[in-house]
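This report describes selected features of a predicted model.

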Amino acid sequence: MKSITITVFLVFSTVSFAFSQDLVYRPINPAFGGDTFNYQWLLSSAEAQNKFTDPNDPSRDERSDLERFTENLNSQLLNQISRELFNDQFGEEGLTEGTFNFGTLFVEIFPSGEGLVINILDTSTGDQSQVIIPN
């Protein structure tokens, strides 16, 4: 009886080795070598579980309707004034080549291989910016 149980045990143990496989680690997170298609799923899962809110978050609009209306009106008025100043300086034909002064702003407009280049320099602070309008 003892030999039969040992034989049965050996038979089942060899069968289990025949069906075993190697364990292979595959990361899920793309930052650690995982599939890049998992990124959006991981991000949305993390955001869904996030219960913290930032009190200084600008997307949390706690302004009243009157404050939003006032800000919108101010923005439209400033836009209209800047449009009139632009038309006074450049006329109805739009941007022309040359150098222009707007208070402390020095604006240089010239064509290049990339398109129309607008260099803006604030002479009071030294800050500068460049805008390229493609052809």
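## Strand pairing

Over how many bridges do strand 2 and strand 3 pair, and in which sense? The pairing between strand 2 (residues 105-111) and strand 3 (residues 115-122) is antiparallel and extends over seven bridges. Within this part of the predicted model, E108 has N119 of strand 3 opposite it.

Four strands make up an open sheet, in which the order is 1-2-3-4 and the pairing is antiparallel. Its edges are formed by strand 1 (98-102) and strand 4 (128-134), each of which pairs on one side only. From one strand to the next, the twist averages 15°.

## The salt bridge

Side chains of opposite charge can pair when their charged atoms come close. A salt bridge is counted here when a side-chain nitrogen of Lys or Arg lies within 4 Å of a carboxyl oxygen of Asp or Glu. By this rule, the count is one salt bridge. The partners are D65 and R68, whose closest N and O atoms are 2.3 Å apart.

Both D65 and R68 belong to helix 3 (residues 65-90). They are three residues apart, which corresponds to about one turn of the helix.

## Exposure of the partners

R68 has a relative accessible area of 31%, so R68 is partly exposed.

Methods: Residues are numbered from 1 along each chain as its sequence is written. This is a predicted model: local features need pLDDT of at least 70, side-chain atom pairs count only at pLDDT 80 or more; totals for chains, interfaces and linings use all residues. Side-chain values use heavy atoms; hydrogens and water are left out. Helices (H or I, at least four residues) and strands (E, at least two) are DSSP runs, numbered from the N terminus. Buried means under 20% relative accessible area, exposed over 50%, partly exposed in between (1.4 Å probe, protein chains only). Two strands pair if DSSP finds at least two bridges between them. Axes are lines fitted to C-alpha atoms, for helices over the stretch in contact, and angles run from 0 to 180 degrees between N-to-C directions.
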